[in-house]
Amino acid sequence: MNIHTGDASYIRKLNRGLILKHIIEHGMISRADLSKAIGLNKATISVQVADLLEENLIYETQQEHFSIGRRPIMLAINGKAGYVLGIDVDHQQIQFTICDLTGRKVQSDTLHPQTDDYDEIVQLLIDHIKEYDKKYSNCHFGMISAVVGIHGTVNKDESILFVPKYNWHRKNLKLDLEKELENIDIYIENNANLSSYAERVYHYHHSDNLLTILLTSGIGAGIMIEGELHKGYHGYAGEMGHMIIVPDGERCRCGNLGCWELYASEPTLVSQLSKQLNNPNLTHKDVQTIIVEQNPIIDEHMDQFIKYLSIGLNNIINLYNPESLVLNSELLRLYPNAIKKIQSNLTSSMSNYHELTISELGSRACVMGACALAIQRFLEVPELIY
């Protein structure tokens with residue numbers, strides 16, 4: 001009898017997840033169309049929908065149409081029932097984004113802390129999460145959870161092994177936040193994983209095998225295989241910036257020589273231009289301006305940048321055979337014909353992939369992926385598509 005009860009409960013949970021998934025995917029959908037799409041009978045749909053309405057997770061509405069006859073009752077996610085917080089903890093920049101349950105961004109803030117001290121950053125995070133929690137406490141579910149993206153190696157138990165730019169070793173940020181935030185679910189994830197997840201949710205629904213390469217603060221990769229994030233044995237998969245592409249090359253802070261991110265990351269390009277222009281204060285935005293203005297000095301550096309970038313991409317493509325390969329780089333997005341120039345370097349007959357593109361989400365990818373992951377976990381849907 002216990003097995004039967006457990007099985008029935010599990011099936012009910014699966015059906016609930018499928019119903020919510022289809023409502024999210026369609027924006028709004030009728031009970032009849034839900035029944036057809038999922039293959040459940042109308043009675044089962046009606047019982048589940050009644051529960052979701054009672055829980056305030058969905059609401060009934062009517063779609064505008066101009067044909068004669070009664071307009072069907074449509075079901076939609078109640079976005080204002082609760083909110084999630086995505087956080088991107090990059091070096092000297094922390095992004096906060098609040099989304100409602102439909103995945104719609106409702107607030108974004110950026111801080112520029114002038115400290116690397118772990119305890120100070122933790123307290124800053126606690127203070128801001130508490131502020132958001134208070135602000136969004138008046139809705140049905142309040143602020144449900146916060147997902148924090150870390151630019152470093154994150155274990156499967158969500159503890160942090162190493163954050164290079166902050167020089168943090170073996171930190172348990174999840175536990176340290178939970179001590180002060182007892183009523184909010186806290187999750188810690190690698191920023192590249194969150195970025196790849198965001199690309200899948202918001203743009204590449206069709207792609208079950210997707211790789212996102214972030215070039216913005218080093219090089220990291222988010223890997224999705226068969227629609228699931230691939231994390232490796234301990235959770236450290238995707239640290240492709242430390243793939244050696246130049247034997248006996250420049251020394252990396254990881255301890256190796258000739259790591260990919262020393263030759264093909266945006267900070268490397270900025271540093272090289274800074275030396276040539278004799279401008280130690282050259283910023284990322286300055287380089288963007290140089291590219292937009294088509295200053296001749298940029299071409300030589302971009303050619304070298306693309307050459308080394310392509311070497312690493314060739315290795316990755318041959319290892320993973322991705323369907324979609326998404327490059328997250330504002331500099332590449334601004335540089336004319338960047339994708340064509342990269343593709344001209346991928347000449348091996350073994351380099352097999354479906355599409356190579358530049359991310360439209362850019363610097364928002366991590367926080368949007370964090371919010372999407374929080375929503376998926378809360379609603380317990382098998383897949384999220386916006």
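This is a predicted model: local features need pLDDT of at least 70, side-chain atom pairs count only at pLDDT 80 or more; totals for chains, interfaces and linings use all residues.
**Ground rules.** I took local features only at pLDDT of at least 70 and side-chain atom pairs only at pLDDT 80 or more, while totals for chains, interfaces and linings use all residues. Residues are numbered from 1 along each chain as its sequence is written, and side-chain values use heavy atoms, with hydrogens and water left out.

**Overall.** I looked up the secondary structure and found 13 helices and 16 strands in the chain. These are DSSP runs, H or I of at least four residues for helices and E of at least two for strands, numbered from the N terminus. The C-alpha trace spans about 70 × 50 × 45 Å along its principal axes. Buried residues make up 51% of the 386 (buried is under 20% relative accessible area, exposed over 50%, partly exposed in between; 1.4 Å probe, protein chains only).

**Salt bridges.** I list 15 salt bridges in the structure, each a side-chain nitrogen of Lys or Arg within 4 Å of a carboxyl oxygen of Asp or Glu.

- Asp-51 pairs with Arg-12, with the closest N and O atoms 2.2 Å apart. Asp-51 is in helix H3 (residues 42-54) and Arg-12 in helix H1 (residues 2-26), 39 residues apart. Asp-51 is partly exposed at 24%, as is Arg-12 at 39%.
- Glu-380 pairs with Lys-13 at 3.4 Å between the closest N and O atoms. Glu-380 lies in the segment after helix H13 (365-379) and Lys-13 in helix H1, so the bridge ties together parts 367 residues apart in sequence. I read 44% relative accessibility for Glu-380 and 46% for Lys-13.
- Glu-55 and Arg-16 meet at 2.7 Å, N to O. Glu-55 is in the loop between H3 and strand E2 (58-62), and Arg-16 is in helix H1, 39 residues away.

I also noted a network in which salt bridges with shared partners join Lys-21, Glu-25, Arg-200, Asp-208 and Glu-383.

**Charged patch.** I found a negative surface patch formed by Asp-116, Asp-117, Asp-119 and Glu-120. For patches, residues need over 30% relative accessible area and no salt bridge, with like charges joined within 9 Å. Glu-120 belongs to helix H4 (residues 118-135) and is partly exposed at 47%.

Note on methods:
Patches are made of residues with over 30% relative accessible area and no salt bridge: like charges are joined within 9 Å, nonpolar side chains (Val, Leu, Ile, Met, Phe, Trp, Tyr) within 5 Å. Accessible areas come from the Shrake-Rupley method with a 1.4 Å probe; for residues, only the protein chains shown count as cover. Lys and Arg count as positive and Asp and Glu as negative; His and the chain ends are not counted. The place of a charge is taken as NZ of Lys, CZ of Arg, CG of Asp or CD of Glu.
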